[in-house]
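Dear colleague,

Please find the structure handed over below. My findings follow after it.

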Amino acid sequence: MSQESTRDRIIAAAEFLFADRGFAETSLRLITSRANVNLASVNYHFGSKKSLIQAVFDRFMAQLTAELVREMEPLRKNSSMPHVEQVLATFLRPLQALDRLEPQGAAIFMRLLGRAYAEEQGHLRRFILSKYGNALDEFRDLLRRAHPDIPAQEVFWRLHFMLGALVFAIGGGNALRDIAAADFQENIELHEVVARLIPFLAAGFKAPITYPRS
């Protein structure tokens, strides 16, 4: 078995188990059992469980941010104010494209992201920001350009509210689509879910601030 194939098998096993069980409930023993490797292989390729978690995310983030940067380029070069819907589409198209990385790639990534927030993986946030922070900052800045009247602190909250909706709608998309099929005889694909999400997310981001500002 080659070193590359061993590493890939470990990542594939970890990805499945992290998304299914969470990070805390997934032991290295479970990962090695699923990957059919020994613990020494995990230590050799990754050194620690934290590094393995980061490697799982890195696989998704590398493709996502590369395509995000390409999608944002026309809006960045255009001096006019972009629409929020246009900015959101620059992220959602690359997110959907994760299905090219692997079957259900977008849903798996969203479940992993939801787990990361729920289980407070601070090291993962630091890793992502250190490696992919520039692309994510550009996306946030485009949203601020689209609505410069929204304060930076409020942009932070609204970005995370939108992210929560994405985790639920895409990470749990199969369950939602099954319900839609059973209750409304509606069979829809991921791109149709995203088409419904964009106006919903945009409306939330653009909503007036109705609470007292500090």
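Which residues have the most contacts inside the largest nonpolar core? They are Phe57, Leu95 and Phe109, in a core of 63 residues. A nonpolar core is here a set of buried Ala, Val, Leu, Ile, Met, Phe, Trp, Tyr and Cys residues joined through side-chain atoms within 4.5 Å. Buried stands for under 20% relative accessible area, exposed for over 50%, and partly exposed for what lies in between (1.4 Å probe, protein chains only).

Two notes on the basis of these values. This is a predicted model, in which local features need pLDDT of at least 70 and side-chain atom pairs count only at pLDDT 80 or more, while totals for chains, interfaces and linings use all residues. Residues are numbered from 1 along each chain as its sequence is written, and side-chain values use heavy atoms, with hydrogens and water left out.

At least two residues of the core come from each of helix H1 (3-21), helix H2 (28-35), H4, helix H5 (84-101), H6, helix H7 (122-146), helix H8 (152-171) and helix H10 (190-206). H4 supplies the largest share, 11 residues. Helices are DSSP runs (H or I, at least four residues), as strands are (E, at least two), and both are numbered from the N terminus.

H4 consists of 29 residues and spans 41 Å from first to last C-alpha, close to the 42 Å expected at 1.5 Å a residue; the expected span is 1.5 Å times one less than the number of residues. At Glu71, H4 bends by about 30 degrees, and Pro74 follows within four residues. The bend is the angle between axes fitted to the seven residues ending at a position and the seven starting there.

**Aromatic rings**

Rings of Phe, Tyr and Trp (its six-membered ring) pair if their centres lie within 6.5 Å; planes under 30 degrees apart count as stacked, over 60 as edge-to-face and the rest as tilted. The count comes to 7 aromatic pairs. One of them joins Phe18 and Phe23, a tilted pair with 5.0 Å between centres and 50 degrees between planes. Phe18 is buried at 0% relative accessible area, and Phe23 is buried at 2%.

Phe60 and Phe109 form a tilted pair, because their centres are 5.4 Å apart and their planes stand at 35 degrees. Phe60 belongs to H4 (residues 49-77) and Phe109 to H6 (residues 105-118), so this pair ties together parts 49 residues apart in sequence. Ring pairs link Phe18, Phe23, Phe57, Phe60 and Phe109 into a cluster.

Arg34 lies over the face of Phe16, 3.8 Å from the ring centre, and the charged end of Arg59 sits over Phe60, 5.7 Å from the centre.

**Annotated region and loops**

An unreviewed UniProt entry places a "DNA-binding region" at residues 27-46; positions follow the numbering used here, feature names are shortened, and annotations may be inferred rather than shown by experiment. Residues 27-46 are 75% helix and 0% strand, with end C-alpha atoms 14 Å apart.

Gln104 is not a glycine, although its phi is positive, about 65 degrees. Gln104 is located in the loop between H5 and H6 and is partly exposed, at 35%. Glu120, likewise other than glycine, has a positive phi near 55 degrees. Glu120 lies in the loop between H6 and H7 and is exposed, at 69%.

With kind regards

Terms used:
Lys NZ or Arg CZ within 6 Å of the ring centre and 35° of its normal.
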